[in-house]
Amino acid sequence: VGERRIGVRAAASAALAVAGVAALEGIGLGGASSLSFTPGFLVLLLQPFAFGFSYLRIESLMLASPGDAVPFAAAQLLSTA
């Protein structure tokens, strides 16, 4: 986001998050592996990246406009409620 570079630790964290989602989604009932690459499963694999990107975006918005923290937090709460 912006001029921020992604380091090795951030890339490893993202890979671990994706692997965790894959592991959780790949375990079927009774512990049997049911890993299949359906469109829904692929969307779930993008979720950790989207979550991390949202925090980078929030950081850049707060640096640009630190006085708007309370309205921004209220908008976050309303969007997830």
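The crossing of α1 and α2 is right-handed, a label given when the near helix is turned clockwise from the far one by less than a right angle, with anticlockwise counting as left-handed. The axes of these two helices, α1 and α2, come within 8 Å and cross at roughly 145 degrees. Here axes are lines fitted to C-alpha atoms, for helices over the stretch in contact, and angles run from 0 to 180 degrees between N-to-C directions. On the α1 side the contact is made by A14, A17, V18, V21, A22 and E25, and on the α2 side by F41, L44, L45, P48 and F49; contact means heavy atoms within 4.5 Å.

Before going further, a word on what you are looking at. This is a predicted model, in which local features need pLDDT of at least 70 and side-chain atom pairs count only at pLDDT 80 or more, while totals for chains, interfaces and linings use all residues. Residues are numbered from 1 along each chain as its sequence is written, and side-chain values use heavy atoms, with hydrogens and water left out.

Let us step back to the whole chain. Its secondary structure comes to three helices and zero strands, and from the N terminus on the elements run α-α-α. Helices (H or I, at least four residues) and strands (E, at least two) are DSSP runs, numbered from the N terminus. Of the 81 residues of the chain, 9% count as buried, that is, under 20% relative accessible area, with exposed meaning over 50% and partly exposed in between (1.4 Å probe, protein chains only). Among contacts between residues at least 6 apart in sequence, 39% join residues at least 24 apart.

Now for helix α1, residues 8–26. Its 19 residues should span 27 Å at 1.5 Å a residue, and its end C-alpha atoms are 26 Å apart, which agrees; the expected span is 1.5 Å times one less than the number of residues. Which residues of α1 are buried? They are V18, V21 and G26. These three cover an arc of only 125 degrees around the axis, which puts them on the same side of α1; the arc is that of the directions from the helix axis to the C-beta atoms. The buried residues of α1 pack against α2 (39–64), whereas V8, R9, L16 and L24 are exposed on the other side of α1.

A22 has its place in helix α1 and counts as partly exposed, at 22% relative accessibility. A22 and F41 are 19 residues apart in sequence and 8.2 Å apart in space, C-alpha to C-alpha. A17 also lies in helix α1, and at 32% relative accessibility A17 counts as partly exposed. Its C-alpha is 10.0 Å from that of L46, 29 residues apart in sequence.

Finally, follow the chain to helix α3, residues 69–80. α2 and α3 pack at an angle of about 155 degrees, with their axes 10 Å apart. They are therefore roughly antiparallel to each other, since angles over 145 degrees count that way, under 35 as roughly parallel, 65 to 115 as roughly perpendicular and the rest as oblique. I58, L61 and M62 of α2 make the contact with A69, F72 and Q76 of α3, and this crossing of α2 and α3 is right-handed. Helix α3 has twelve residues and reaches 17 Å from its first C-alpha to its last, close to the 16 Å expected at 1.5 Å a residue. Of those twelve residues the number buried is zero, so α3 lies largely in the open.
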